[in-house]
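Biologist: I would like to learn how to read a model of this kind, feature by feature. Could you take me through it, giving the general idea before each case?

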Protein chains: 4
Amino acid sequence: MIVVMKHGCNQRHIDQVVAVIVQGGARPMISQGEDTTIIGVIGINHQVLPEDLRACEFVSRVIPISAPYKLASRALHPADSVIAAAPKNGVPMTVGGGNIAIIGGPCTVESEEQIVTAARQVRDAGGSALRGGAYKPRTSPYSFQGHKLDGLKMLAAAREETGLAIVTELLSIDQADLVAEYADVIQIGARNMQNYPLLEAAGLLKKPVLLKRGLCATLTEFLLAAEYILVRGNEQVILCERGVRTFETETRFTLSLSSIPILQEKSHLPVITDPSHGTGVASLVRPMSRASLAAGADGLIIEVHPDPSHARVDGDQSITADVFEQIVKDSILMADMLGKKLGNGCLVKPTAAIF
Amino acid sequence: MIVVMKHGCNQRHIDQVVAVIVQGGARPMISQGEDTTIIGVIGINHQVLPEDLRACEFVSRVIPISAPYKLASRALHPADSVIAAAPKNGVPMTVGGGNIAIIGGPCTVESEEQIVTAARQVRDAGGSALRGGAYKPRTSPYSFQGHKLDGLKMLAAAREETGLAIVTELLSIDQADLVAEYADVIQIGARNMQNYPLLEAAGLLKKPVLLKRGLCATLTEFLLAAEYILVRGNEQVILCERGVRTFETETRFTLSLSSIPILQEKSHLPVITDPSHGTGVASLVRPMSRASLAAGADGLIIEVHPDPSHARVDGDQSITADVFEQIVKDSILMADMLGKKLGNGCLVKPTAAIF
Amino acid sequence: MIVVMKHGCNQRHIDQVVAVIVQGGARPMISQGEDTTIIGVIGINHQVLPEDLRACEFVSRVIPISAPYKLASRALHPADSVIAAAPKNGVPMTVGGGNIAIIGGPCTVESEEQIVTAARQVRDAGGSALRGGAYKPRTSPYSFQGHKLDGLKMLAAAREETGLAIVTELLSIDQADLVAEYADVIQIGARNMQNYPLLEAAGLLKKPVLLKRGLCATLTEFLLAAEYILVRGNEQVILCERGVRTFETETRFTLSLSSIPILQEKSHLPVITDPSHGTGVASLVRPMSRASLAAGADGLIIEVHPDPSHARVDGDQSITADVFEQIVKDSILMADMLGKKLGNGCLVKPTAAIF
Amino acid sequence: MIVVMKHGCNQRHIDQVVAVIVQGGARPMISQGEDTTIIGVIGINHQVLPEDLRACEFVSRVIPISAPYKLASRALHPADSVIAAAPKNGVPMTVGGGNIAIIGGPCTVESEEQIVTAARQVRDAGGSALRGGAYKPRTSPYSFQGHKLDGLKMLAAAREETGLAIVTELLSIDQADLVAEYADVIQIGARNMQNYPLLEAAGLLKKPVLLKRGLCATLTEFLLAAEYILVRGNEQVILCERGVRTFETETRFTLSLSSIPILQEKSHLPVITDPSHGTGVASLVRPMSRASLAAGADGLIIEVHPDPSHARVDGDQSITADVFEQIVKDSILMADMLGKKLGNGCLVKPTAAIF
């Protein structure tokens with residue numbers, strides 16, 4: 001950290017800052033310019049907090065230099081994390097380190113027939129895993145909130161039928177064990193990115209966590225949310241860019257693809273995108289899927305519905321199985337171009353055979 | 001709602017939309033222009049969902065006309081809600097309907113001595129209630145997370161000493177009953193504005209809820225979050241504008257004061273602001289407090305610390321007791337100018353006598 | 001400035017940065033930490049450019065410490081600038097240094113009758129100056145673009161009739177002399193805040209300039225735009241906050257009132273707000289006018305139309321003369337509370353007499 | 001357009017709206033619901049203005065249905081526009097309709113040697129045209145503003161040497177003819193996107209115009225800016241997404257790639273991106289270039305500098321000739337995958353031969 005003092009500070013003010021630095025186990029480095037005094041905080045593993053420095057008198061600014069996250073940082077873990085979700089007797093999904101996962105499925109589990117149909121379509125198209133919400137966070141208390149436990153059971157039936165790993169959302173700490181029992185990958189939604197008790201609960205589970213970026217979270221806040229999970233012992237975190245809120249009105253959110261290479265530079269965790277929620281417009285899902293992979297994404301999570309025009313939730317951004325199949329084909333070509341491969345185990349071969 | 005069809009739609013597409021409208025219990029009203037077909041959804045208390053319409057083929061846009069919230073809406077509750085928090089043997093805080101509440105206190109409860117000192121300062125300055133965090137949501141897992149139950153007990157001691165109502169944050173559903181036992185007003189933080197299980201839990205408590213606006217929540221989303229609480233039976237919701245995230249870097253957030261009159265036009269619930277978190281800069285707290293009341297706010301929640309330069313959290317935006325007293329005096333003048341009064345019961349008289 | 005080096009930099013990289021600093025006339029100050037090297041740029045009036053440093057190898061970040069503007073800065077001009085516009089034989093408008101100016105008038109000059117009527121209403125209500133557009137920047141090429149030279153003549157007629165100073169927009173460098181001949185204050189619109197040839201042209205004129213903040217300009221960019229005018233010799237610049245673009249959809253823009261005290265801390269120039277364009281909603285103009293002055297604004301520029309429901313431009317945000325009169329009365333009370341006064345010369349007395 | 005009336009409107013209010021509609025040459029279509037009255041504006045080529053409707057009493061909202069631009073709209077011009085810039089005796093650059101243009105060069109023309117070297121590098125790497133600024137819009141009046149006429153002459157020398165078309169910025173209406181004399185493509189910068197006199201001047205020139213999106217412009221405003229040029233008779237407009245301003249601090253701007261397919265759906269004009277300014281970070285230029293083309297972009301404009309570490313402007317976002325060559329190779333692969341081709345005439349063959 002660097003502490004910039006205000007004009008007019010005197011030795012007493014400098015001493016106060018120095019005392020905070022020394023107490024925290026670091027070494028101060030004072031640069032006295034003609035009109036500004038700057039104090040560097042030198043040292044590793046020190047405990048000096050920016051808020052303690054900011055609270056000192058005559059401190060103008062405290063500028064962080066090192067990243068505030070440790071376990072999520074690539075500095076301490078240079079190799080890509082490769083995360084696998086392997087349902088028993090099923091098809092392992094692998095993501096990161098050159099493995100691309102294409103997760104598909106409806107926003108919400110509506111019925112066993114619907115989710116099993118969707119799962120077959122996703123598998124036949126070459127998808128890596130099945131998504132579907134049993135517990136749904138909805139903006140309005142009057143909207144459909146999901147089939148809950150019944151929905152989890154329907155997802156299990158779809159896995160039984162197709163072998164696909166299940167990605168489903170955890171909304172509340174009191175459902176953590178139940179959801180973890182059924183899910184192969186636990187999703188934490190954008191609106192819960194800073195729900196710290198939920199992150200801590202996810203950190204105690206033994207399943208990979210797909211963590212979505214908050215609607216206006218900075219990348220540092222996003223990585224700190226991942227850190228909450230990692231620090232509890234769960235090292236299997238998949239980051240998901242899903243669009244941020246801007247003044248743009250043509251799309252529901254602005255999918256920020258530059259976050260992919262930035263996150264990958266800062267962190268070893270895999271980074272996927274959600275072009276369905278990230279745009280909210282079905283016709284944009286395919287081009288933004290291609291663009292995500294071209295920017296280096298380790299995977300995609302896409303809303304596919306057997307019959308988008310009768311989806312109970314988010315029908316306007318769901319695509320059909322046909323378009324999903326095109327996206328998987330695009331992804332194989334793109335993976336090839338980038339020296340990567342689709343990370344969906346045994347499914348790769350038959351799908352590749354389609355071409 | 002109004003459904004705008006895409007160019008090239010035919011009778012079959014129109015019939016599909018009409019069927020959805022009729023099934024939902026509403027009446028369609030078709031306007032066929034030279035180049036655009038528009039279908040109105042006519043009726044009250046119907047069950048037609050925008051997502052069902054949006055999912056129909058050849059639908060270009062679905063434009064909502066009525067507000068999606070009911071209990072929060074002023075349409076169904078024209079009079080201002082007046083919300084009171086009355087600690088036993090203490091001083092009631094009243095907010096709304098011409099009553100202005102000035103809540104002060106440190107970001108975090110650090111020690112019994114600190115919080116009791118702060119409470120005395122707030123009371124002596126003419127404040128309406130004491131704020132202080134026992135459970136703290138922190139961006140980093142390595143930051144101080146609050147004294148938890150001990151913190152709640154310190155707050156109770158401060159109330160015992162000063163008679164001030166206690167405003168403190170509820171972070172997790174498993175602490176709901178505990179926090180409600182100690183708090184007079186339960187705060188839901190900005191990062192939890194769309195934590196629906198937490199909103200539902202707050203809706204079952206018998207204490208007023210101070211709900212902060214999410215960092216990038218629209219006003220409709222904010223009122224729908226309040227609706228989650230109201231629909232469970234808790235009618236005592238105080239809305240709090242606390243700044244939204246923009247490109248601005250001089251302040252931590254952009255305190256959007258136009259949201260005050262807009263929320264008051266749409267809803268009967270009281271609206272207060274948090275100029276401390278809303279700016280993140282101590283020197284801006286007083287002018288933005290004045291501006292909030294001038295825009296019509298029903299109150300303020302302000303960080304005051306006995307010794308801001310030693311605050312463990314957010315010291316850079318905390319003000320001293322002296323500045324807080326100036327803000328209370330400003331508020332009395334402003335209330336007078338606007339035909340309102342400070343809603344802090346017995347405290348009003350002595351404070352007014354200061355002048 | 002502070003230069004933060006990347007991990008792995010060696011002496012050669014440090015030497016390269018040091019060379020750039022020395023060549024620019026400054027002194028380097030090197031802090032070598034365990035894992036990071038930081039180089040301070042010490043000196044005043046040096047010519048070291050951030051872009052030259054950023055371009056050196058192994059430079060991670062260049063952090064500016066001093067403000068990049070000089071003439072706009074309060075550091076070099078501690079006293080408030082007081083700016084006066086005095087039409088010959090008319091009523092001087094004064095703004096800054098405790099003088100509040102309330103500028104009113106229609107968005108666009110539509111006819112001599114309209115603008116003269118509006119001017120009389122503004123004067124009779126106690127307003128300080130008349131606004132009205134002769135040249136209009138319109139988002140669509142098909143919208144009405146103003147009466148141009150005829151509009152300027154109509155404004156002159158309104159000044160002749162009422163004595164009020166005229167505030168009107170300059171859109172293009174080839175109209176600079178013409179507009180300056182008719183106007184008492186030259187407005188530069190938000191969309192032209194970074195139209196540098198226009199700023200330079202305004203810097204050569206002998207009339208005060210009312211510079212509006214760009215729709216997504218940072219406060220530093222805003223002050224640098226003022227600097228473009230000041231550096232050409234025109235020291236009479238009035239800053240105008242007029243709302244920034246955010247995700248908010250209830251208002252056309254988000255009027256950011258915290259920018260008022262921030263700009264006043266950084267700069268000696270007067271700061272006014274435009275609550276009409278800043279919200280785009282007529283019912284919000286009065287509360288946001290009050291809030292602006294409460295936040296410390298030196299004035300207001302407000303759209304008033306003799307008949308808002310027949311305004312050719314921006315009728316939805318225009319208020320009537322009655323509401324304008326209420327705003328002037330609010331402003332007198334607010335000025336009194338803050339130890340300021342309305343800066344409209346001889347008009348102050350008769351207006352005050354109204355009460 | 002659709003006019004939504006407020007609660008409590010009566011026949012007189014409806015009649016007022018109807019009168020405005022009829023006067024403008026359209027037909028009203030009234031839908032009277034239980035609680036809301038909605039009036040559609042039916043007709044093509046009518047002159048009813050939203051502002052006239054909004055200004056009527058008891059009008060709650062006016063919702064536009066048709067696009068406000070005509071000439072830029074794909075509705076009236078279904079085929080892709082293909083735009084070519086053909087320097088005499090040089091290499092034509094073609095963009096749009098399946099032709100991808102890769103424009104490269106330094107931010108600023110610094111010397112004849114620098115620009116000729118850069119031009120050779122761009123040509124040898126397979127680039128389509130040379131960019132370079134002679135007139136530079138700079139945030140600070142103290143920054144280098146470009147070599148102006150001398151810079152134009154240096155660009156001409158580089159074209160003479162390499163045959164590449166020249167893309168350079170027009171800043172001011174009084175330089176329009178001069179810049180058009182030297183340039184093959186005239187750039188209008190983001191800060192001038194709503195500088196209407198400049199757009200009108202560009203509309204009278206006989207050269208293609210590369211129009212950059214404003215920093216916080218909506219896509220409708222962007223297309224209306226293009227309309228200003230088209231309506232004056234210049235049909236050769238290339239749209240350029242260059243990033244919008246958000247809360248993100250890791251990049252200078254947020255490059256919004258979903259704008260590419262949206263603009264292409266709404267308009268026939270070619271759409272390119274500027275990943276250099278759009279991110280401000282050299283290491284992001286290559287992945288975001290790939291992602292842009294994957295999203296469907298018709299081209300790229302990229303900052304390449306013979307020696308980025310000595311660039312006088314924007315060195316931190318400039319890439320070397322080597323990286324530029326990789327981007328051209330990526331682009332050829334991507335074009336092939338998407339059934340497109342690089343639109344740089346004779347250069348295509350030798351470049352393709354490299355592989």
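Biologist: Let us begin with the domains: into which domains is chain A divided?

Modeller: Domain bounds come from an automatic or database domain assignment, and on that basis chain A is divided into domain 1 (2–63) and domain 2 (74–354). The C-alpha centres of domain 1 of chain A and domain 2 of chain A are 44 Å apart, while the C-alpha trace of chain A spans about 75 × 45 × 40 Å along its principal axes. Bear in mind that this is a predicted model, in which local features need pLDDT of at least 70, side-chain atom pairs count only at pLDDT 80 or more, and totals for chains, interfaces and linings use all residues. Residues are numbered from 1 along each chain as its sequence is written, and chains are lettered from A and ligands numbered from 1 in the order in which they are written.

Biologist: How many helices and strands does the secondary structure of chain A come to, and what percentage of its residues count as buried?

Modeller: Helices (H or I, at least four residues) and strands (E, at least two) are DSSP runs, numbered from the N terminus, and chain A has 12 helices and 15 strands. A residue is buried if 20 or more other C-beta atoms, placed from the backbone, lie within 10 Å of its own, exposed if 12 or fewer do, and partly exposed in between; of the 355 residues of chain A, 61% count as buried. Two residues are in contact if their C-beta atoms, placed from the backbone, lie within 7 Å, and among contacts in chain A between residues at least 6 apart in sequence, 66% join residues at least 24 apart.

Biologist: How many residues of chain C are in contact with chain D, and which elements supply them?

Modeller: In this interface, 36 residues of chain C are in contact with 36 residues of chain D. Helix 2 (50–54), helix 6 (196–204) and helix 7 (219–230) of chain C each supply at least two residues of the side that touches chain D, and helix 7 of chain C gives the most, with 4 residues. If Ala, Val, Leu, Ile, Met, Phe, Trp, Tyr, Cys and Pro count as nonpolar, Asp, Glu, Lys and Arg as charged, and the others, Gly among them, as polar, this side of chain C has 17 nonpolar, 9 polar and 10 charged residues. Because 100% of the interface residues of chain C are also interface residues in chain D, the copies meet through the same surface.

Biologist: Where does helix 10 of chain C bend, and why does Met288(C) count as buried?

Modeller: The bend at a residue is the angle between axes fitted to the seven residues ending there and the seven starting there, and helix 10 of chain C bends by about 25° at Met288(C). This helix covers residues 282–294, and 12 of its 13 residues are buried. Met288(C) counts as buried because it has 30 C-beta neighbours inside 10 Å. Not counting residues up to four places away in sequence, Met288(C) touches Leu257(B), Ser258(B), Ala295(B), Leu255(C), Pro275(C), Gly278(C) and Thr279(C). Helix 10 of chain C is followed by Gly296(C), whose phi is positive, near 110°.

Biologist: And strand 12 of chain C: which residues lie on each of its faces?

Modeller: In a regular strand the side chains alternate between the two faces of the sheet. In strand 12 (residues 237–241) of chain C, Val237(C), Leu239(C) and Glu241(C) on one side and Ile238(C) and Cys240(C) on the other are all buried. Two strands pair if DSSP finds at least two bridges between them; 4 bridges join strand 11 (residues 209–212) of chain C to strand 12 of chain C, and the two run parallel. The bridge partner of Val209(C) in strand 12 of chain C is Val237(C).
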